[in-house]
Each structure stands twice: as structure tokens, then as C-alpha cells.
Amino acid sequence: VRTREIDEDVHIMAAISSLAARFHVADASAAANNRTCRHATRTCAAVRTREIDEDVHIMAAISSLAARFHVADASAAANNRTCRHATRTCAAVRTREIDEEVAGGAGGGRESAPTCAPSSARRNVLRGAAAGVLLAGSQLAQTPAALAIQTRTTPKPFTLDVERWQDRAGSYLGPAQMARIRGEFKETVKGVLMEEVPKMQGAYPGLLKLAFLDAAPHSLWEINTPTGGANGSIRFSEELQRPENKALAGLITALEPVKVRIDAAWTAKAQEMSSERMPDPISWADLIAMAAVVAQIQKWGGSPEGGWPVRQGRSDVLEADPSGRSLSMNADVDTALAWFNKRGIHINAALPIWMEITDNLDSVKANPACAKLMAAYEADPAMFQKGFMMGFTQLSSLGTYYDAFAYFYDENPYVVRDWYKAQQAQQL
């Protein structure tokens, strides 16, 4: 038995055990270790190195697919019906192959060299495990318990339902073109906001509070009600009239002409590139988030080291979010941190946000853990900025649906070529 082949086969079994562990089922993991791993080690001499590598890739794909579903409540059922069955099947196939090898050696009157294990049997087992994971996951991901914990923050720019995107501007763009146009849109919005934000009364910390209160109604624990989140719902009068939001109504009014200016500038850019279809207007959710970022950068006196990437494409909702879910700006720090923690934003990312928007800073200073962090922030401002950016990124993604084709325009290849030539000539 070659040592290298043993190591590679152990890696396969580690991938199988990792798959079982993702579903949080102890007995399946134990079965993989006690039965399958032992049989795999005994038969590893009969496995070709090329086939081992292929198995590793297959199991990595299975683990990746299983991890994408993020279904905690349904994981036990998936494991009981799929992973444990696949593990037992693997063990049965390995045992049969061993018996065949032993029988062949006994029939010859002497110990024979192990023969290469049939690749088709192992392939069928692995394909069965993959199909079982996909089937269980697709069924369980539609259950009410699963839908209640999905964050819905992952964009899907490449999907099989082509009809959904074929009528959108930029539907035929490639990844490189998408990245470039997103960069152009960000610079267009940033340029307008850098001019307009200083003119707004109470822009700081008002815009940051506005972004926070837009995302604050997000909740995953109320079944059969909207999840809420950073979706631009705070623009509706029903939501603006709530006690915690009334003071910020003037900022929504101030942002309306800014939105018109951004839309006009971006439409002009699309016309300059001879786009057949005009791009979408900027969503309120994106406008509020990006305005808060610009206000914070201006307060710091410049963009932090390494820049501050802001994701684009947040979709607006058509009605106000449910009431009674927000966090009062006068809340004590323990209540605030518990609120952030429940939404997956931990103290190192939550505290910088809360320090900027709270009306009860004395509560923060009185907390020993927070006081220690505040002293560290004072000694290292870059640490504060890093935590703030992390917290704001998480906050502005709560409950958000990202539109994968937002703000794209159609490109005329001839106009693009001439435009690039003109840019190069200006640089020279």
C-alpha cells in the first residue's frame, strides 16, 4: 500500500465526514469514521490516484451544495434520509470489494495482489449521495421553518430562467463589463452625493440614523409577515410618521432632488454609450445606504485606507415594513448589543455603529467591555473604522434582495471602442 494513496483516500473520507457534520448528525459521522473510513483504508491500494482526485472534487461539490441551503431546522431530516443512507451504501460497496479480493486470493492458493476497485460502483455511490443531498435540500428549503431563516442576500446574476433577464438592459453583458459598469455607477453616485450631502441640514449623523432605521425592522422570527430590512421602506409616510422616524422626515425630502439628479446623470451616461434600453433608476435602499457612507467618509475627513466597498443593487419594497421592531436610540447598550447580536452583528462591528447613532452614550461608557473597546478605538482609529465598515455592511444587507442586473445599460461595441480610444488619448 502506497503511503501517498492512503493519505489521499483519507482525504476522501474526511470530505464525507465533513458532509455529515454539516447536517449536525453525530451517528452518521460516527458511522463514517467507524465503518467506512476503516474499510477505505484497507482498500486504498486498489484505488487509482486519478480516481481519488476525482472523488475529492465530487465530495467537495456535494459539501458545497449542502452548505448553500442554510437550513438548520431541516438538517436532521436530510441527514437521516440521505447522508446516513449514503454512508451505509459506501460501506457496503467497500465491504463487497474487499470480500471479492479476499475470495480471489483464496481461490488462487496464494495471496494475490489487490485489483483495482471498480470505478463505476464508487461513481454510482457518489452520484447517489449528491442527488440525495440536492433532493432533500430542495424539498426542505421550501418549508416554513427554512423560509423563516433565509437571509436572501445573495445575488443570482446567472440563472436558468433566462426569460426573467432577457428584457433587462445589459442582459447580455459579460462579468468584466458588469464590474466596470458597476464601478462607473458607483463613481457617478459618489460624485453627486459628495456635492449634495454637505448641503443637507443634519446630514450627520442623520443619514446614518436613516440607514439604520430603514434596516431596523428586519426580523426573521415573525412567520407569515414581511421580514423587513434595508429595502427603502422608510420613504413611505406610514413609516416616517412613527415616533422613532419623525425627526428624519426632512432628510427624505432632501434626498428626493438628489435622486433625480443621479438618475439623470446615469441616463445621460447610457445615452452617451448608445444604449438601446435605459438603466433602472437608483433604488431608495441604495441611495440611503450610499448617502450614509458618504456622510461618514466626510466626517472622517476622507475614505479609510483600502477604500470602502459598497454593494449595489438593493431592491425597494412597495409598502412600509411592520412596526414595533425597531430599536430606540435611547436604549441602553446591553439592549442594543443584544438586538445587534440577534441579527448576527457582534460587538466589534456593532459598537462603532451604536456609538455614532445612540442618544445614550453614557450607558456605553458605563459598560466595562464597551469602555475597553472605546479606549482601543481612541488609540487606534483604524480599528474603529474597520469595525464600523464591517457593521454597516452587515446592517445594510439585512433582509435585502439584490437585483443582479440593476443599473446596467446596453453597450454598443463600436461606441465603446471609440470611447476607450478617446480616454487613452486624454491620458497621453
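Select helices α8 and α16 to start: the two are oblique to each other, because angles under 35 degrees count as roughly parallel, over 145 as roughly antiparallel, 65 to 115 as roughly perpendicular and the rest as oblique. Helix α8 covers residues 203-215, and α16 covers residues 381-395. Their axes come within 10 Å and cross at roughly 40°. Axes here are lines fitted to C-alpha atoms, for helices over the stretch in contact, and angles run from 0 to 180 degrees between N-to-C directions. Helices (H or I, at least four residues) and strands (E, at least two) are DSSP runs, numbered from the N terminus.

This is a predicted model, in which local features need pLDDT of at least 70 and side-chain atom pairs count only at pLDDT 80 or more, while totals for chains, interfaces and linings use all residues. Residues are numbered from 1 along each chain as its sequence is written, and side-chain values use heavy atoms, with hydrogens and water left out.

Now show the side chains between α8 and α16. Leu208, Ala211, Phe212 and Ala215 of α8 meet Phe388, Phe392 and Leu395 of α16, where contact means heavy atoms within 4.5 Å. The residues of this contact divide into seven nonpolar, no polar and no charged. In this division Ala, Val, Leu, Ile, Met, Phe, Trp, Tyr, Cys and Pro count as nonpolar, Asp, Glu, Lys and Arg as charged, and the others, Gly among them, as polar.

Stay on α8 and select Pro205, which is found in this helix. The peptide bond from Tyr204 to Pro205 is cis, with omega near 5°.

Next, select Phe392 with Trp308. A search of the whole structure finds 16 aromatic pairs. Rings of Phe, Tyr and Trp (its six-membered ring) pair if their centres lie within 6.5 Å; planes under 30 degrees apart count as stacked, over 60 as edge-to-face and the rest as tilted. The rings of Trp308 and Phe392 have centres 5.8 Å apart and planes at 85°, so this pair is edge-to-face. Trp308 lies in the loop between α11 and α12 (333-342) and Phe392 in helix α16, so the pair ties together parts that are 84 residues apart in sequence. Both Trp308 and Phe392 are buried; buried means under 20% relative accessible area, exposed over 50%, partly exposed in between (1.4 Å probe, protein chains only).

Tyr377 is buried, with a relative accessible area of 6%, and Phe384 counts as buried at 10%. To see the cluster, select Trp300, Trp308, Tyr377, Phe384, Phe388 and Phe392, which ring pairs link together.

Move to Arg311 and Tyr402. The charged end of Arg311 sits over the ring of Tyr402, 4.0 Å from its centre. The criterion is that NZ of Lys or CZ of Arg is within 6 Å of the ring centre and within 35 degrees of the ring normal.

Now go to the loop between α8 and α9 (237-240), where Ser219 is placed. Ser219 counts as buried at 4% relative accessibility. Leaving out residues up to four places away in sequence, Ser219 touches Thr227, Arg325 and Arg343. Thr225 lies in the loop between α8 and α9 as well, and is partly exposed, with a relative accessible area of 37%. Draw a distance from the C-alpha atom of Thr225 to that of Asp321: the separation is 9.3 Å, for residues 96 apart along the chain.

Select α10 (residues 249-272) and α11 (residues 284-300) next. These helices pack at an angle of about 105°, with their axes 11 Å apart, and are therefore roughly perpendicular to each other. Ile252, Leu255, Glu256, Lys259 and Ile262 in α10 meet Trp284, Leu287, Ile288 and Ala291 in α11. The residues of the contact comprise seven nonpolar, no polar and two charged.

In the loop between α10 and α11, pick Ser274. Its phi is positive, about 60°, although Ser274 is not a glycine. Ser274 counts as partly exposed at 36% relative accessibility. Tyr407, in the loop between α16 and α17 (413-427), also has a positive phi, of about 75°. Tyr407 counts as buried at 2% relative accessibility. Most residues other than glycine have a negative phi, and most peptide bonds are trans.

Finally, zoom out to the whole chain. Its secondary structure comes to 17 helices and zero strands. Of the 428 residues, 46% count as buried. Among contacts with a separation of 6 or more, 82% are between residues 24 or more positions apart.
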